[in-house]
Amino acid sequence: DVPVVTSDIISESLIQELPSLYQGVYQTQIYTPVAPRTAHMLKLYERKYNRSCSWLPWVAWGYDSMHLIANAIAHVGPDGRRIA
């Protein structure tokens, strides 16, 4: 009854085989280099650290995680129990 967060281990073929099993699962995905959101993230990274990003998958996961946390706070406020 709680959301599950996972990395990019769930493939499209797995979802197609058992779609109901993956309902409510939040999956992070390794960046898509051509996506506008990835380009935006890279600009922010380069502006902050004055260098290009050499660990893009890990930075992308952190970026996604912060968006999940910000979204949760926007919905229920900064109360850890309510966010959980």
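Student: Where does Pro19 lie?
Tutor: Pro19 lies in the loop between α1 (12-17) and β2 (25-27). Helices (H or I, at least four residues) and strands (E, at least two) are DSSP runs, numbered from the N terminus. This is a predicted model, where local features need pLDDT of at least 70, side-chain atom pairs count only at pLDDT 80 or more, and totals for chains, interfaces and linings use all residues. Residues are numbered from 1 along each chain as its sequence is written, and side-chain values use heavy atoms, with hydrogens and water left out.

Student: And is Pro19 buried, exposed or partly exposed?
Tutor: Pro19 has a relative accessible area of 48%, so it is partly exposed. Buried means under 20% relative accessible area, exposed over 50%, and partly exposed in between (1.4 Å probe, protein chains only).

Student: OK, pockets. Which residues line the largest pocket?
Tutor: Pro3, Val5, Tyr26, Leu68, Ile69, Asn71, Ala72, Ile83 and Ala84 line it. A pocket here is an open set of points on a 1 Å grid over the protein atoms alone, where a 1.4 Å probe fits, with protein on both sides within 12 Å along at least five of seven lines; lining residues have an atom within 4 Å of a point.

Student: How much space lies in there?
Tutor: About 320 Å³, a volume being the space filled by probe spheres set on the grid points, which are joined across faces, edges and corners.

Student: Which helix gives the most to that lining?
Tutor: α3, with 4 residues.

Student: Back to Ile83. Where does Ile83 lie?
Tutor: Ile83 lies in helix α4 (residues 80-83). Ile83 counts as partly exposed because its relative accessibility is 35%.

Student: Switching topic: how many salt bridges does a search of the whole structure find?
Tutor: The search finds 1. A salt bridge is a side-chain nitrogen of Lys or Arg within 4 Å of a carboxyl oxygen of Asp or Glu. The side chains of Arg81 and Asp79 meet in one, at 3.9 Å, N to O.

Student: Are those two buried or exposed?
Tutor: Arg81 counts as exposed because its relative accessibility is 74%. Asp79, at 26%, counts as partly exposed.

Student: Last one. What's the phi of Asn50?
Tutor: Near 55°, a positive value in a residue other than glycine. Most residues other than glycine have a negative phi. Asn50 is found in the loop between α2 (36-49) and α3, and at 70% relative accessibility Asn50 counts as exposed.
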